[in-house]
Amino acid sequence: MGGVVHYKITDRNKFFELSNNPQNIIDNLAIRALHAIIGNFAANEIQSSIEMICIKMKDALNQKTEFYGIKIYPIDLKRVSFENEDEKERKNK
């Protein structure tokens with residue numbers, strides 16, 4: 001699954017004091033939030049629940065990133081794939 005997380009720095013002092021790599025912080029938090037949220041869905045429900053997943057991720061990320069002076073805006077999930085690594089390799093050959 002891929003996506004885009006839009007964000008804005010809301011508190012420059014906190015941001016520069018606490019984070020030397022905001023993109024890394026957001027990426028790690030987004031991955032954790034996504035895993036926690038989609039873990040509550042059956043595989044066949046995920047595609048039809050993308051909008052709800054994005055809203056839940058935005059809320060979860062805003063709770064975590066506020067500490068760093070970062071505000072999360074809409075999240076766009078781009079694709080859902082359930083292929084394992086072996087299937088990906090076969091397609092790429």
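A contact means heavy atoms within 4.5 Å. This is a predicted model, in which local features need pLDDT of at least 70, side-chain atom pairs count only at pLDDT 80 or more, and totals for chains, interfaces and linings use all residues. Residues are numbered from 1 along each chain as its sequence is written, and side-chain values use heavy atoms, with hydrogens and water left out.

**Exercise 1. State what share of contacts between residues at least 6 apart in sequence join residues at least 24 apart.**

Take the contacts in the protein between residues at least 6 apart. Of these, 68% join residues at least 24 apart.

**Exercise 2. Find the helices with the lowest and highest confidence.**

Start with the elements: helices (H or I, at least four residues) and strands (E, at least two) are DSSP runs, numbered from the N terminus. The protein has 5 helices and 2 strands. Their order is β-α-α-α-α-β-α.

Helix α5 (residues 85-92) is lowest, at a mean of 58. Helix α4 (residues 50-65) is highest, at 92.

**Exercise 3. Describe the aromatic pair of Phe15 and Phe16, then classify each residue as buried or exposed.**

Rings of Phe, Tyr and Trp (its six-membered ring) pair if their centres lie within 6.5 Å; planes under 30 degrees apart count as stacked, over 60 as edge-to-face and the rest as tilted. The whole structure holds 2 aromatic pairs. Phe15 and Phe16 pair edge-to-face, at 5.0 Å centre to centre and 80° between the planes.

Now apply accessibility: buried means under 20% relative accessible area, exposed over 50%, partly exposed in between (1.4 Å probe, protein chains only). Phe15 has 5% relative accessibility, so Phe15 is buried. Phe16 has 59%, so Phe16 is exposed.

Conventions:
pLDDT = per-residue confidence, 0-100.
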